[in-house]
Amino acid sequence: MTPETLAALTEARTAKRPVVLATQLPGGMQMLLPDPGVNEALNVAARRALSRDESGTVSIEGTDWFLHAYSPPVRLIVVGAVHIAQSLVPMAAQLGIDVIVVDPRRSFATTERFPNVTVMGDWPDEAMEVLKPDSRSAVITLTHDPKLDDPALDRALQSDAFYIGALGSRKTHARRLDRLRELGHGDDALARIRGPVGLNIAAVTAPEIALSILAEFVSVRRNAA
Amino acid sequence: MSETSDILATAAAWREAGEEVAIATVTQTWGSSPRPAGSQLAVTRSGRMAGSVSGGCIEGAVADAAMTTLDSGVPALLDFGITDERAWEVGLACGGKLKVFVERLA
């Protein structure tokens with residue numbers, strides 16, 4: 001890999017721009033895609049690799065190319081800088097997830113409690129306005145406080161977020177769904193919320209609950225049955 | 001959700017620090033290969049390694065090939081599999097097959 005290619009690839013990744021590094025096999029000639037200057041079939045294959053988030057070798061007009069998809073990391077918006085979040089955030093970082101913690105309560109949302117991640121002190125609805133969750137974003141509410149959780153879930157349901165989870169018992173969740181219904185969300189929309197959040201592994205401690213949430217997150221992300 | 005980025009960043013940091021660095025990337029897999037296409041292993045002349053291209057079965061052979069590529073500057077496309085009887089006589093215990101591209105980080 002030439003220094004120029006590495007620099008261009010690094011630049012795209014830092015800017016969180018989806019890009020494919022195409023390597024001609026076995027010769028090793030490389031380029032970044034999509035690029036309007038090259039064969040359209042290569043660009044089509046590159047876009048497919050990015051949309052599937054899947055790298056692989058393709059054969060185009062008798063030439064083999066390895067298409068390495070560099071999709072930006074998926075985002076996880078955690079509402080509630082609570083104890084469980086303190087376990088969840090470092091585990092999520094290990095999984096390569098881009099984590100943002102939202103909590104307007106200053107004593108919770110400190111960089112001391114959450115080093116190395118983005119911490120926002122905005123109210124959840126304002127934060128969601130800024131963050132604009134897309135189809136590569138997930139939203140998890142952890143506060144147990146309707147004043148904070150509900151506006152975040154309301155906004156998440158209006159977005160394309162691929163995973164929406166809410167911490168709380170079945171009873172709490174039922175009441176939460178009632179409140180969201182009053183805001184105008186139908187049953188189909190409400191069914192998008194994973195609640196109680198996480199796989200049922202009988203988790204007890206904060207790290208165990210974080211593990212169950214991330215296990216569910218991965219199963220959704222990887223389209224497990 | 002990709003750890004590959006970190007391997008590339010690690011390789012770039014090593015290069016920046018003056019190391020000679022080769023990058024090996026899984027380009028294709030068949031059967032039960034443990035790591036998907038795109039998985040990477042960075043190797044330095046001095047023997048540092050980061051990442052992986054298998055469950056540990058072929059990393060040694062890949063590191064050897066990386067030294068050859070560092071010497072020559074010529075990239076290589078390696079085949080690994082249980083029936084392979086050519087240059088890289090290293091089997092995969094899982095019975096999978098894969099191709100690995102080895103290049104120098106210039």
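Strands β3(A) and β4(A) run antiparallel and are joined by five bridges. The model described here is predicted. Together, β3(A) and β4(A) make a hairpin with two residues between them. In the turn of this hairpin, Glu61(A) has a positive phi of about 50°. Within the pairing itself, Ser59(A) stands opposite Asp64(A) of β4(A). Strands of a sheet can pair in a parallel or an antiparallel way, in both cases through backbone hydrogen bonds.

Six strands of chain A form an open sheet with parallel pairing, in the order β7-β6-β5-β8-β9-β10. At its edges are β7 (118-120) and β10 (193-194) of chain A, each of which pairs on one side only. Inside the order, β5 (residues 75-79) and β8 (residues 137-141) of chain A run parallel and are joined by five bridges. One of the residues to look for here is Ile77(A), whose bridge partner in β8(A) is Val139(A).

Helix α8 of chain A, residues 206-221, lies across β8, β9 (163-166) and β10 of chain A, and runs at about 160° to β9(A). The loop between β10 and α8 of chain A holds Ile201(A). Ile201(A) counts as exposed because 12 other C-beta atoms lie within 10 Å, and a residue is exposed when that number is 12 or fewer. The C-alpha atom of Ile201(A) is separated by 6.5 Å from that of Ser212(A), eleven residues apart along the chain.

Of the 106 residues in chain B, 45% are buried. Contacts in chain B also reach along the sequence: among those between residues at least 6 apart, 56% join residues at least 24 apart.

The two chains meet in a contact that takes 22 residues from chain A and 17 residues from chain B. On the side of chain A that touches chain B, α1 (3-14), β1 (19-25), β3 (56-60) and β4 (63-70) each supply at least two residues. The most comes from α1(A), which gives four residues. By type, the residues on this side of chain A divide into eleven nonpolar, nine polar and two charged.

Finally, the nonpolar cores can be considered. The largest has 45 residues, and those with the most contacts inside it are Val20(A), Ala24(B), Val62(B), Val100(B) and Val102(B). Leaving aside residues up to four places away in sequence, Val100(B) touches Ala24(B), Thr25(B), Val26(B), Thr27(B), Val53(B), Val62(B), Leu78(B) and Phe80(B). Another core, of 43 residues, lies apart from the largest one. Its members include Val74(A), Leu88(A), Phe114(A) and Ala156(A).

Terms used: Residues numbered from 1 in each chain as written. Chains lettered and ligands numbered in written order. Predicted model: local features only at pLDDT ≥ 70, side-chain atom pairs only at ≥ 80, totals over all residues. Buried ≥ 20, exposed ≤ 12 C-beta atoms within 10 Å, placed from the backbone. Contact = placed C-beta atoms within 7 Å. Pairing = 2+ DSSP bridges. Axes fitted to C-alpha atoms, helices over the stretch in contact; angles between N-to-C directions. Nonpolar A, V, L, I, M, F, W, Y, C, P; charged D, E, K, R; others polar. Core = buried A, V, L, I, M, F, W, Y, C linked by C-beta atoms within 7 Å.
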